[in-house]
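Biologist: I am new to this structure, and I would like to go through it with you, asking at each step how a label was reached.

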Amino acid sequence: MSTLFARVFRQAWATFEHTGASDAKFASNLHALHRLVSQLTLADIGLEPSLVATETFQQPSKAPCTYVGVFENNRFAMSVFVLRENYTMPLHDHPQMHGLLRVVSGAVQICSYSEVARRDTVEPKDGTLRRHVLVVAEPEKIISSAAGDCAVLTPTERNFHEITAIGGPAAFFDILSPPYNLSSQPQYFFYRKVPVPRHLAEMEPLGFGGPNTPSALEDERPRYVLETIPNPEHYYCDTVHYITPDFMYHPEGSTTSDLNV
């Protein structure tokens, strides 16, 4: 466990105490958190390299994904996911969340989308919610543990994505706020791409409601419709117990010098 990871944790605590997007203090804290997270390594978090070894994923009963729950409260959650080589974590959403994703071993390709408009319907037979979301595709991004960078999502941008391990197994650390387990937090969904239905194409201009956002005709990014699907059968995870470091028990004991670089 490293001093850097302690600083990441304390900065996350300070950042997500208040998450107003217009709050200058929040923006400054988020920038500082991004800078710290971009430096993290697998060793900083206290995880063994064997977790990401090719041999680990060659075991017959091994799941294609390993999940490590690092920390969670009602403000934010920290976790690590390890993906088998060439495995794609299915397309899913992060409703109304801020998030940072840092690759701590290997490399991943991230395909992200931002919402333009949506339509929800309820199946009369079983009450199942069916959601169609009109999205624009963001530029694909490849992030590696050597790059010193991390991906960022916001409540309105890049909060639909799928992640593929490339060139070998890959591990990424993420911070999400608010966490999924809050009763007030919308449920997450998995999606597939479908042809653009007419009713969503017609409501496209309504998705660009802000005065500073481009009109539908001005935005040249590719558009898709995402349709909710059940949890894909191929997506399941093994879990690894994480030994909680002492500093996570006393997050509010930090000082300003602890939080800033």
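Biologist: How many disulfides does the count come to by the rule?

Modeller: The count comes to 0 disulfides, a disulfide being a pair of cysteine sulfur atoms within 2.5 Å. This is a predicted model, in which local features need pLDDT of at least 70 and side-chain atom pairs count only at pLDDT 80 or more, while totals for chains, interfaces and linings use all residues. Residues are numbered from 1 along each chain as its sequence is written, and side-chain values use heavy atoms, with hydrogens and water left out.

Biologist: What makes cysteine 65 count as buried, and what does cysteine 237 count as?

Modeller: Buried means under 20% relative accessible area, exposed over 50%, and partly exposed in between, with a 1.4 Å probe and protein chains only. Cysteine 65 has 0% relative accessibility and therefore counts as buried, whereas cysteine 237, at 29%, counts as partly exposed.

Biologist: Which residues touch the most other members of the largest nonpolar core?

Modeller: A nonpolar core is a set of buried Ala, Val, Leu, Ile, Met, Phe, Trp, Tyr and Cys residues joined through side-chain atoms within 4.5 Å. The largest one has 36 residues, and those touching the most other members are Phe5, Val8, Met78, Phe173 and Ile175.
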